[in-house]
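My entries follow in the order I looked things up.

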Amino acid sequence: MASKGGADGAGNFEHYDVVIVGAGAAGIGVAIALQHSGVENYLIVDRETIGSSFRSWPAETRFITPSFPSNSIGMLDLNSIGVGISPAFTMRIEHPTGQDFADHLQSLSDYFELPIREKTDILSIEKHGEFFHLEHEGGKIFAENVIWAGGEYQYPSLGGFQGSELCLHTSNIGSYQELEGDDFLIIGGYESGIDAAYHLANNGNNARVFDMNCPWGEKTSDPSVALSTYSFERMRNEKFEDNVKIYSETAVKSVAYNDGMYCLTTEAGQDFHSKTKPILANGFNGGHKFVAHLFEEREDGFPSLTENDESTIVPGMFLCGPSVRHDGHIFCFIFKYRQRFGIVAQAIASSLGLDTEDFVAAYRSWGMYLDDLSCCGQECLTC
Ligand SMILES: Cc1cc2nc3c(=O)[nH]c(=O)nc-3n(C[C@H](O)[C@H](O)[C@H](O)COP(=O)(O)OP(=O)(O)OC[C@H]3O[C@@H](n4cnc5c(N)ncnc54)[C@H](O)[C@@H]3O)c2cc1C
């Protein structure tokens, strides 16, 4: 039987069956799945606003995965976060900007009347006895289950080499058009680095991209490892070909700033100079580090999960979003991690005594209930 949520007179005691931390694509998506599964007593909290990570993308950055209104033939729009939903249909945009997608999440939240509390930064999560205690500036929220959907974008990877603090991380760029300078050094050549180089080149700038591997040379079809088709297409753009130089197998050792000039030194000892702050496109640490104490750690540093995406050591603690890993499977795109929303919702709903048979059948029919990972190789269509 679901228990009642609510606050005491002082407004600082609340209890929910489920609290979802994060109102991004994962948090909103799993909330819709919870609602469909019959769970009623839940709350979504976000330190900022709905879709705030998407809202802070550089203005020019677009989704690399295309949206297409393919739902009518049972193929869910790649950027959809819920059964029957199609951003292509509602927004009429194939490659949404971050701003577009944040607006889309807001409209879904309004449509489904999701219980969301914004501007609530969760400072710590601990489990005492049966309940999780989620501490925020205004008090504590208590929950029987917590779904961590804090994402990656707000936890950028800022270090890794000497002088990295002199660089500008892509997550701190408001717009490529507003950046001063005409010659850019970009550290990292996966999606964010190529995106930066593309926009800078389009604005008539030169850019040099350094990557310790060779993302544009990967043979795998898995977009979690290789560059997306969208980026390959961009790299064939005339301005990109004219203005961008890419350096594969080139690890950066340090960045220094002397006499108004930045000097990037590679592990091989080669120096590259620019008057402009180098751009750090080396990705994200992932918000799962914030809840690392509630999960066992895999060898690769990602949380170890049960088949329901629950912690293997703290029952009731779930993970949703791009940090989900099972064996070698990386769920870092929406079309991948959304397939696990139904799994988490079903696990929680059934623990609350709700009948989930129809829910599971409906989600399975939309490809939103991936419980068999055995088919998921790099060429697998579902993963
Ligand atoms: C440049 C770029 C391009 C991308 N392109 C694509 C693409 O084309 N297709 C695709 O599928 N994926 C793409 N991705 C990945 C996609 O954006 C992420 O998978 C997605 O944002 C993850 O959603 P999320 O809900 O897990 O995290 P977020 O969208 O980051 O949401 C997490 C939310 O949690 C909140 N939060 C975090 N910590 C706390 C806390 N302690 N207390 C309260 N609230 C908290 C944040 O405010 C935020 O709103 C791209 C990513 C980037 C950076």
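**Ligand shell, helices.** I asked which helices each supply at least two residues of the shell around the ligand. I found four entries to write down: H1 (25-37), H2 (52-55), H5 (191-202) and H8 (334-337). I keep in mind that this is a predicted model.

**Ligand shell, residues.** I looked up how many residues surround the ligand, and the count is 35. The closest are Gly22, Gly24, Ser53, Gly151 and Gly321. I then sorted the shell by class. It holds 17 nonpolar, 13 polar and five charged residues.

**Domains.** Next I checked the division of the protein. Domain 1 takes residues 13-154 + 285-375, and domain 2 takes 164-280. I looked up the contact between them: domain 1 gives 10 residues and domain 2 gives 14. On the side of domain 1 that touches domain 2, I noted seven nonpolar residues, two polar and one charged. I also took the separation of the two centres, over C-alpha atoms, and it comes to 31 Å.

**H1 against H4.** I went back to H1, one of the helices that supply the ligand shell. Its partner here is H4, residues 98-112. The axes of H1 and H4 lie 10 Å apart, at an angle of about 20 degrees. Angles under 35 degrees count as roughly parallel, so I logged H1 and H4 as roughly parallel to each other. Their crossing is left-handed. I listed who meets whom. From H1 come Ala25, Ile28, Ile32 and Gln35. From H4 come Leu105, Leu108, Ser109 and Phe112. The contact of H1 with H4 has six nonpolar residues, two polar and no charged.

**H1 against H9.** I then asked at what angle the axes of H1 and H9 cross. The answer is roughly 45 degrees, and the axes come within 9 Å. H9 covers residues 341-351. I therefore logged H1 as oblique to H9. The crossing of H1 and H9 is right-handed, whereas that of H1 and H4 is left-handed. On the H1 side I wrote down Gly29, Val30, Ala33, Leu34 and Ser37. On the H9 side I wrote down Phe341, Gly342, Val344, Ala345, Gln346, Ile348 and Ala349. By class, the contact of H1 with H9 has eight nonpolar residues, four polar and no charged.

The ligand shell, in contrast, includes five charged residues.

Methods
Residues are numbered from 1 along each chain as its sequence is written. This is a predicted model: local features need pLDDT of at least 70, side-chain atom pairs count only at pLDDT 80 or more; totals for chains, interfaces and linings use all residues. A residue is near a molecule or strand if its C-beta atom, placed from the backbone, lies within 6 Å of it. Ala, Val, Leu, Ile, Met, Phe, Trp, Tyr, Cys and Pro count as nonpolar, Asp, Glu, Lys and Arg as charged, and the others, Gly among them, as polar. Domain bounds come from an automatic or database domain assignment. Two residues are in contact if their C-beta atoms, placed from the backbone, lie within 7 Å. Axes are lines fitted to C-alpha atoms, for helices over the stretch in contact, and angles run from 0 to 180 degrees between N-to-C directions. Angles under 35 degrees count as roughly parallel, over 145 as roughly antiparallel, 65 to 115 as roughly perpendicular and the rest as oblique. A crossing is left-handed if the near helix is turned anticlockwise from the far one by less than a right angle, and right-handed if clockwise.
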